[in-house]
Amino acid sequence: MIIYNQRTDITQSYNVHVEFHPLPGEELSSGVPQSSLEFLSNSAKILSSSNGLILCRATGENEVKLFITNPATQSWLPIPTPGEYKQNGTSIGAVDLKIVLECDDKDDYMVYLFYDNLVDWSSSNLDCKVYHSNEGVWKSKQERFFTGSRKLKFDMPVHHRGAVHFISDCFPSWNKKSPYFRPYIMSYNFESGNSRMLRVPKEARKGSHDLTCDMGIFKWGKATDPNQSICLVRLRKHVFTIWTLTHYETSEWRRVLKIRVKAMVKDHPIIRVKGYAVLNGDLLVFATEKKVYGCGLKDMRIQEICDHEFDFNVLRFTSYKDTLRTFGTGAGTLPLSLHTCGTRAGTLPLPSHKQFW
């Protein structure tokens, strides 16, 4: 797994620190070279990860430059900047990209971008573009993505049944008559273009407006499991509650865990949980002030995974497996020598697909 945190300033969002740690049972993994982690810390913002590849945005510049990298092989490849982010005379360095990377088990990958329509920016609909590695161009989807009236968390997508799913925030809403008064999950089907709302469990909706409440969705089940689904994690008042989606069409859920943080970490003072995720389909991973712990959601085994060196209050986890997979012709080697001295990078030298940027 990769752990990172991000800082946003007036011009852009960027990683401050990136660490790699193997999960229990993966200790023999070859891991990620430290020089790759320093490059990601100094020169990139991590946007999405899938099957050993990471989608990033180059930092140190006032324009959107996207690239895909395999940190294990220290290779990278730029992808074209969508036309919507090539606006002359407009500072878009701080733009919040709603973007998702999806890789299959072969060498193919796709990138999905959701963005506001400049003509109708105040609506609850987002335009969608798709970039396929085999075609090398962005193509617009005719159907827009309806998001509802809440803000969606685009940094934790879940692909399931041919659609990508996002959960909304839990921020208090004053319109009790609105169908979006409580948190919800919204999906977008890439083939049909249909948007659909899934209800979260009634138990999860109760108390969701509490300022300590936070929710996230993750993949449930191993990649080889034909019964893969979605799991919902709620952290409220230092208590984790986790449900799995058992019936997709009717939004039926089953609770699999409810436990206090202090019951899992008895020997260490807990100030707050800095971040959490469900990785490998059945492992709850969470970070406290200085350590990362795991709780198996099937065997309920609790164990300390590692120490971490983050001082920031919010940490992010992304699943990552080291692999030798490639991502097409034109890939170059990460310019590591320019970004391992501890200073934030400026303009990056480009691989052979220079025309994309």
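This is a predicted model: local features need pLDDT of at least 70, side-chain atom pairs count only at pLDDT 80 or more; totals for chains, interfaces and linings use all residues.
View 1. Rings of Phe, Tyr and Trp (its six-membered ring) count as a pair if their centres lie within 6.5 Å, with planes under 30 degrees apart called stacked, over 60 edge-to-face and the rest tilted. Across the whole structure, the search finds 19 aromatic pairs. Local features shown here need pLDDT of at least 70 and side-chain atom pairs count only at pLDDT 80 or more, while totals for chains, interfaces and linings use all residues. Residues are numbered from 1 along each chain as its sequence is written, and side-chain values use heavy atoms, leaving out hydrogens and water.

**View 2. Here are two of the aromatic pairs, Phe114 with Tyr188 and Phe145 with Phe166.** The rings of Phe114 and Tyr188 have centres 5.6 Å apart and planes at 85 degrees, so this pair is edge-to-face. Phe114 belongs to strand S8 (residues 109-115) and Tyr188 to strand S14, so 74 residues separate the partners. Strands (E, at least two residues) are DSSP runs, numbered from the N terminus. Buried means under 20% relative accessible area with a 1.4 Å probe and protein chains only, exposed over 50%, and partly exposed in between. Phe114 is buried at 1%, and Tyr188 is buried at 0%. The rings of Phe145 and Phe166 are tilted, 6.0 Å centre to centre with 45 degrees between the planes. Phe145 sits in strand S11 and Phe166 in strand S13 (residues 163-167), so their pairing ties together parts that are 21 residues apart in sequence. Phe145 and Phe166 are both buried.

**View 3. Strands S12 to S15 make an open, antiparallel sheet.** Its 4 strands follow the order S12-S13-S14-S15; two strands pair if DSSP finds at least two bridges between them. At the edges, pairing on one side only, are S12 (158-160) and S15 (195-199). The twist averages 30 degrees from one strand to the next, using axes fitted to C-alpha atoms and angles from 0 to 180 degrees between N-to-C directions. S14 (residues 184-189) and S15 run antiparallel and are joined by 5 bridges. Tyr188 has Ser195 in S15 as its bridge partner.

**View 4. Take a look at Lys153, in the loop between strand S11 (145-146) and S12.** Lys153 counts as buried, with 16% relative accessibility. Contact means heavy atoms within 4.5 Å. Leaving aside residues up to four places away in sequence, Lys153 touches Phe166, Ile167, Ser168, Asp169, Asp214 and Met215.

**View 5. A second open sheet to visit has the strand order S20-S21-S22-S23.** The pairing among these 4 strands is antiparallel. Neighbouring strands are turned by 20 degrees against each other on average, direction ignored. Between S20 and S21 (residues 283-287) there are 5 bridges, and Val278 stands opposite Leu284 in S21.

**View 6. The largest nonpolar core has 52 residues.** Such a core is a set of buried Ala, Val, Leu, Ile, Met, Phe, Trp, Tyr and Cys residues joined through side-chain atoms within 4.5 Å. Met1, Leu232, Phe240, Leu284, Val285, Phe286 and Val292 have the most contacts inside the core. Val285 touches residues including Met1, Leu23, Tyr276, Val292, Ile305 and Phe317, not counting residues up to four places away in sequence. A second, separate core of 20 residues includes Val64, Val111, Tyr115 and Trp138.
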